[in-house]
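Trainee: Could you take me through this model one question at a time, giving the cut-offs behind each term as we meet it?

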Amino acid sequence: MSVKSEAKIEAPSIIRKKFSGVVVSDKSDKTIVVKVERVKINPKYKKRYTVSSRYKVHDPKNEFKTGDKVTFVECRPLSKDKRWRVIK
């Protein structure tokens with residue numbers, strides 16, 4: 001008799017971009033605007049400077065307010081500009 005071995009099929013883990021920043025606006029319903037700052041270095045002069053980006057992040061419970069520090073990851077498109085969801 002042959003024994004059937006059940007191979008567990010694992011879904012490939014998806015690598016998602018993850019950022020943390022400060023909430024700058026919470027006026028929209030279920031959406032917050034998060035400002036992420038990072039430091040870049042000029043290749044020639046080696047001077048450091050900060051670059052900031054603003055992301056629209058999905059906040060389903062409206063729990064985060066302006067000034068809160070949040071962490072968010074990318075997800076499927078939720079609207080025209082919203083491709084991020086908050087995790088903390």
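**Fold and overall form**

Trainee: In what order do the elements of the protein run from the N terminus on?

Mentor: This is a predicted model, in which local features need pLDDT of at least 70 and side-chain atom pairs count only at pLDDT 80 or more, while totals for chains, interfaces and linings use all residues. Residues are numbered from 1 along each chain as its sequence is written, and side-chain values use heavy atoms, with hydrogens and water left out. Helices (H or I, at least four residues) and strands (E, at least two) are DSSP runs numbered from the N terminus, and the protein has zero helices and five strands. From the N terminus on, the order is therefore β-β-β-β-β.

Trainee: What percentage of the 88 residues is buried?

Mentor: Buried stands for under 20% relative accessible area, exposed for over 50% and partly exposed for what lies in between, with a 1.4 Å probe and protein chains only. The protein exposes about 7,700 Å², of which carbon and sulfur atoms supply 51%; such areas come from the Shrake-Rupley method with a 1.4 Å probe, and for residues only the protein chains shown count as cover. On that scale the buried share of the 88 residues is 19%.

**The aromatic cluster**

Trainee: How many aromatic pairs does a search of the whole structure find, and why is the pair of Y55 and F72 called tilted?

Mentor: The search finds six aromatic pairs. Rings of Phe, Tyr and Trp (its six-membered ring) pair if their centres lie within 6.5 Å, and planes under 30 degrees apart count as stacked, over 60 as edge-to-face and the rest as tilted. The ring centres of Y55 and F72 are 5.6 Å apart, and the pair is tilted because the planes stand at 55°.

Trainee: Which parts of the chain does the pair of Y55 and F72 tie together?

Mentor: F72 counts as buried, at 0% relative accessibility. The two residues are 17 apart in sequence, so the pair joins separate parts of the chain, with Y55 in strand β3 (residues 48–58) and F72 in strand β4 (residues 69–74).

Trainee: What angle lies between the planes of Y55 and W84?

Mentor: W84 is buried, with a relative accessible area of 12%. The pair links Y55 in strand β3 with W84 in strand β5 (residues 84–86), 29 residues apart, and F19, Y55, F72 and W84 form one aromatic cluster. The pair of Y55 and W84 is edge-to-face, with 5.2 Å from centre to centre and an angle between the planes of 70°.

**Single residues**

Trainee: How far apart are the C-alpha atoms of V70 and S20?

Mentor: V70 sits in strand β4 and is buried at 1% relative accessibility. Leaving out residues up to four places away in sequence, V70 touches several residues, including F19, S20, I32 and V86, where contact means heavy atoms within 4.5 Å. V70 and S20 are 50 residues apart along the chain, yet their C-alpha atoms are separated by 5.5 Å.

Trainee: Is K18 buried or exposed?

Mentor: K18 lies in strand β1 and touches T71, F72, V73 and I87, not counting residues up to four places away in sequence. At 56% relative accessibility, K18 counts as exposed.

Trainee: What is the phi of K46, a residue that is not a glycine?

Mentor: Most residues other than glycine have a negative phi. K30, in the loop between β1 (18–25) and β2 (31–41), has a positive phi near 60° and is partly exposed, with a relative accessible area of 39%. K46 is found in the loop between β2 and β3 and counts as exposed at 59% relative accessibility. Although K46 is not a glycine, its phi is positive, at about 60°.
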